[in-house]
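I opened this notebook to keep track of what I looked up, entry by entry. The sequence and coordinates come before the notes.

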Amino acid sequence: MTARILVVDDIPANVKLLEARLLAEYFDVLTAENGYRALEICEQTQVDLILLDIMMPGMDGFEVCERLKANPRTQHIPVVMVTALDQPSDRVRGLKAGADDFLTKPVNDLQLISRVKSLVRLKSLTDELRIRAETAQNIGMEDLLRIHDGRLDEVGQILLVDGRASSQERIIRALKPIAEVVAMSDPQAAVFEAAENGFDLVIVNANFDDYDPLRLCSQLRTLERTRFIPVLLIADQGAESMIVRALDLGVNDYLIRPLDPNELVARCLTQIRRKRFNDRLRTSVKQTIELAVTDGLTGLSNRRYLDNHLKILFARAQARGRPLSVCITDIDRFKLVNDTHGHDAGDDVLREFANRIRSTVRGADLACRFGGEEFVVVMPDTPADVAVVIAERLRAIIEGKPFALKGADVALNVTASMGIATVGPGIETPEQFLKHADRALYEAKKAGRNRVVAAAA
Ligand SMILES: [Mg+2]
């Protein structure tokens, strides 16, 4: 996986060193000698990850990071702070500024490359979701971010998998201000727990006597229901090769014992924030897809959905030699409703008409608004005579009870005409199928409306 990485450091030798290592891994590298230039580059070009020095004249790394994270256009870019300072307080300050990770100078090669790779991988997932959400015209990125900010105050739900009671207690105490923690010492039971309940984060403490914690990490990443939950690994000093493998497996972050409670809190918050942001994006993508196939006024499926789904039903009926019928129905003299009572009344009628269709069709039938005052019901496994019975039932339900109008005392008498077609000889395509039904509808209108006509086989 290739990515564009921005290296920011005021000392040219440091820039050169990191640049050379990243180029050797085939990353695309940009460089900046100060914070101002770094912000400029991020505004102008697409950057996938930033390696950011802390001690710089003018604007230091903390401030650069804060500015990046405050700007909706750059806040999703992961930031790794590279620093000679190895004080926990600086790490916490950086994490509060929104940094995603730290590397300490002199930078260890393996850690550099594995951290960069894992953050780039995470970012590409987020990017994909961002693009899909942005494509939806009705969901603005800014709205999403606002919602996400609001949810930050909610207490996180964390699953802690830890083999020892004493460290469980310490971690629960440290996380108390920000999260509710469920602690478990059995890794297998923890996998089920994670799959069953909606956690924001799983912390795996690698302190089991006879269990490989990476097995748990890999299971969490593989299972459909847990693959989007962030995982934070706690490992011993010197367990570098395990950490590298964990990051390769998709573990999101790690901490080294002895734990600094502030850093634990800061890292958990970062993961929870990220998780909620991605959840929000995913939900909006799903809603967008639903909107795309739903008629906004009636809540029935729309024409686009019908066109696609009818193809599938038609092909299946032909392949299996099963009957398939369709009913096109049109509200009689609907124009008169709009002209006499206004368009709001017309909308009321359409909505109520859709409700009556919904309450009449069977579970397997597909009801759609075809456009205007025309509706279509597709009936799988249904021969012509049964389709006529169902259409007749619908016709009677429409005629049977006047349609109430919202905010008006009047109720309107509404009737509908219906044309039915059933797949058979002479119908080779879904388009011909609908055309036959449409012709039958025309016959019903011509014969005086408020009736059901089935196309001749
Ligand atoms: Mg410096």
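How many salt bridges does the rule find across the interface of domain 1 and domain 2? I began there, keeping in mind that this is a predicted model, and the count across that interface came out as two salt bridges.

I took the bounds from the domain assignment, which gives domain 1 as 4-107, domain 2 as 156-281 and domain 3 as 294-454. The centres of domain 1 and domain 2, taken over C-alpha atoms, are separated by 26 Å, and the contact takes nine residues from domain 1 and eight residues from domain 2. I then looked up the area and found that these two domains bury about 800 Å² between them, with 49% of it on carbon and sulfur atoms. On the domain 1 side, V92, L95 and D100 lose the most area to domain 2, and together they account for 52% of what that side buries.

One of these residues, D100, turned up again in my salt-bridge search, where it pairs with R274 at 2.2 Å between the closest N and O atoms. I also noted two residue pairs in polar contact across the interface of domain 1 and domain 2. Asking which elements give two or more residues to the side of domain 1 that touches domain 2, I found α4 (88-96) and β5 (101-104), and of that side the largest share, four residues, comes from α4.

**Entry: the magnesium site**

I listed the donors of the magnesium ion as D10 (OD), D53 (OD) and M55 (O), at 2.0 to 2.2 Å, and wrote their spacing in sequence as D-x42-D-x1-M. The two aspartates link distant parts of the chain, since D10 is in the loop between β1 (4-8) and α1 (12-24) while D53 is in strand β3 (residues 49-53), 43 residues apart.

**Entry: salt bridges over the whole structure**

My search of the whole structure returned 32 salt bridges, and I wrote down some of them with their surroundings. D253 and R267 form one, with the closest N and O atoms 2.9 Å apart; D253 lies in strand β10 and R267 in helix α11, so the pair ties together parts that are 14 residues apart in sequence. D253 is buried at 2% relative accessibility, and R267 is buried with a relative accessible area of 2%.

For E224 and R227 I noted a salt bridge with 3.6 Å between the closest N and O atoms; E224 counts as exposed at 57% relative accessibility, while R227 is partly exposed at 36%. The side chains of R362 and D365 meet in another, at 2.9 Å from N to O, where R362 is partly exposed at 31% and D365 is buried at 10%. Salt bridges that share partners also join D101, D253, E263 and R267 into one network.

**Entry: the contacts of N71**

I placed N71 in the loop between α3 (61-70) and β4 (79-83). The N71 side chain makes a polar contact with the side chain of E43 at 2.5 Å, and a polar atom of the N71 side chain lies 2.9 Å from the backbone nitrogen of R73.

**Entry: backbone geometry**

Most residues other than glycine have a negative phi, and most peptide bonds are trans, so I went looking for departures. The peptide bond from R257 to P258 is cis, with omega near 0°, and P258 is found in the loop between β10 (253-256) and α11 (261-292). Y26 has a positive phi of about 70° although it is not a glycine; I found Y26 in the loop between α1 and β2 (28-32), where it counts as exposed at 71% relative accessibility.

N450 is another residue other than glycine with a positive phi, near 50°, and it lies in the loop between α16 and β17. In the loop between α16 (430-446) and β17 (452-454) I also looked up A447, which is partly exposed with a relative accessible area of 44%. A447 and D409 are 38 residues apart in sequence and 32 Å apart in space, C-alpha to C-alpha.

How values were computed. Residues numbered from 1 in each chain as written. Predicted model: local features only at pLDDT ≥ 70, side-chain atom pairs only at ≥ 80, totals over all residues. Heavy atoms only, no water. Donors = N, O, S within 2.8 Å, 3.2 Å for Na, K, Ca; no water. Domains from an automatic or database assignment. Contact = heavy atoms within 4.5 Å. Buried area = accessible area lost by both parts, 1.4 Å probe. Salt bridge = Lys/Arg side-chain N within 4 Å of Asp/Glu carboxyl O. Polar contact = N/O pair within 3.5 Å; in protein donor to acceptor, adjacent residues only side chain to side chain. Buried < 20%, exposed > 50% of the residue type's maximum accessible area, 1.4 Å probe, protein only.
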